[in-house]
Amino acid sequence: KGGIAAMLGAIKVVNDLGIPLRGRVVASFVCDEEAANLGTLDFLERYPKADYAIVGEPTGLVLAVAHRGVARFRIVVHGQAGHAGQPAYAVNAIELMNQVISALQAYHQSLQAKKHPLLPSPSCVVTMVQAGVKDNVIPDRAEIIIDRRMVPGETSEEVEKEVKEFIAEHARLPEESFTMEKYIDLIPGEISASSPFLKSMEELHAAYFPEKEERVVGFTASCEQSLFLRAGIDTVVIGPGSIAQAHQVNEYVEIEELKAATGFYAYCLLRLLA
């Protein structure tokens with residue numbers, strides 16, 4: 001939310017200065033980010049001809065030029081219910097799912113061989129588990145949610161096929177004994193190194209933050225940069241705060257960093273459009 005405050009502050013600064021701009025500045029604050037991204041997709045239908053965009057994700061005010069995508073899957077395994085006192089007459093879905101989780105841990109380790117110059121390797125982690133109906137019943141169904149992060153060059157279709165084949169081989173389960181459903185799909189993104197907009201942003205960043213040693217990084221999480229890039233809009237990611245603090249109880253952004261972000265956004269608007 002710090003990025004929103006800084007962007008609104010920058011727009012107010014530029015508006016109060018009364019300097020005419022060559023073009024239109026549109027601020028977009030949307031719903032459904034990190035899910036199906038319905039807000040951004042709707043925005044791109046309304047404003048399809050934008051020249052370039054800045055996404056205000058928390059990067060510590062360093063330019064992020066690439067980000068990882070994410071595909072999330074729901075995996076269900078099926079066993080046979082039975083009385084907990086007679087396990088020989090049942091097939092425990094939790095035990096079957098243990099095999100799947102062990103296979104996915106090995107799969108995650110195998111992904112570390114894939115490298116990107118700015119981003120961490122792809123990853124695959126289990127984030128939710130659900131099984132069981134009663135304490136004395138062997139369950140016939142178990143479900144997990146997995147989060148598969150992708151680097152540029154990977155697609156969710158390839159990833160889905162890869163995960164299914166890995167589970168079938170390493171969990172030693174026939175494919176018909178489990179189902180896998182994709183319900184989130186956000187592609188990875190990376191702006192071209194030859195983009196004139198990127199070169200302009202690098203120059204503006206160097207002029208405004210001469211003390212910063214780092215100019216260009218990768219954003220380790222997912223974000224909407226890829227959706228703008230897919231629409232033909234050159235996009236960089238830069239904002240106040242750190243992704244390392246995200247999704248924690250004590251999320252915060254330093255006030256001085258909010259002020260710096262506000263100033264930088266205003267500076268970009270004036271230099272790019274005034």
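User: Which helix does E169 lie in?

Analyst: E169 lies in helix α4. This is a predicted model, where local features need pLDDT of at least 70, side-chain atom pairs count only at pLDDT 80 or more, and totals for chains, interfaces and linings use all residues. Residues are numbered from 1 along each chain as its sequence is written, and side-chain values use heavy atoms, with hydrogens and water left out.

User: What counts as a helix or a strand here?

Analyst: Both are DSSP runs numbered from the N terminus: helices are H or I with at least four residues, strands are E with at least two.

User: Is E169 buried or exposed?

Analyst: Exposed, at 57% relative accessibility. The classes are buried for under 20% relative accessible area, exposed for over 50% and partly exposed in between, with a 1.4 Å probe and protein chains only.

User: And how far is E169 from M180 in space?

Analyst: The C-alpha atoms of E169 and M180 are 15 Å apart, with a sequence separation of 11 residues.

User: Back to α4. Which strands does it lie across?

Analyst: Helix α4, residues 156–170, lies across β3, β7 and β8, and runs at about 155° to β8. Axes are lines fitted to C-alpha atoms, for helices over the stretch in contact, and angles run from 0 to 180 degrees between N-to-C directions.

User: What is the strand order in that sheet?

Analyst: β5-β7-β3-β8, in an open sheet of 4 strands with antiparallel pairing. The edges are β5 (123–131) and β8 (178–186); each has a single partner strand, so one side of each has no neighbour in the sheet. Neighbouring strands are turned by 20° against each other on average, direction ignored.

User: How many bridges join β5 and β7?

Analyst: β5 pairs with β7 (residues 141–150) over 8 bridges, in the antiparallel sense. Two strands pair if DSSP finds at least two bridges between them. Within this pair, S123 stands opposite R149 in β7.

User: Which other helix packs on the sheet?

Analyst: Helix α3, residues 93–111, which touches β3 (69–78), β5 and β7. The direction of α3 makes about 10° with that of β7. Contact means heavy atoms within 4.5 Å.

User: Which residues have the most contacts inside the largest nonpolar core?

Analyst: I75, V77, V100, L104, I146, V163 and I167, in a core of 25 residues. The elements giving two or more residues to this core are β3, α3, β7, α4 and β8, and α3 gives the most, with 8 residues. A nonpolar core is a set of buried Ala, Val, Leu, Ile, Met, Phe, Trp, Tyr and Cys residues joined through side-chain atoms within 4.5 Å.

User: What is I146 in contact with?

Analyst: Leaving aside neighbours within four places in sequence, I146 contacts A71, R72, F73, I75, L104, C124, V125, V126 and V163.

User: What about a second core?

Analyst: There is a separate one of 23 residues, and M7, M201, V236 and A261 are among them.

User: Changing topic: how many salt bridges?

Analyst: The structure holds 16, a salt bridge being a side-chain nitrogen of Lys or Arg within 4 Å of a carboxyl oxygen of Asp or Glu. One network of them links R74, R141, E143 and E181.

User: Where do D16 and K12 lie?

Analyst: Both are in helix α1 (residues 2–17), 4 residues apart, about one turn of the helix.

User: Last one: how many disulfides?

Analyst: The count is 0, taking a disulfide as a pair of cysteine sulfur atoms within 2.5 Å.
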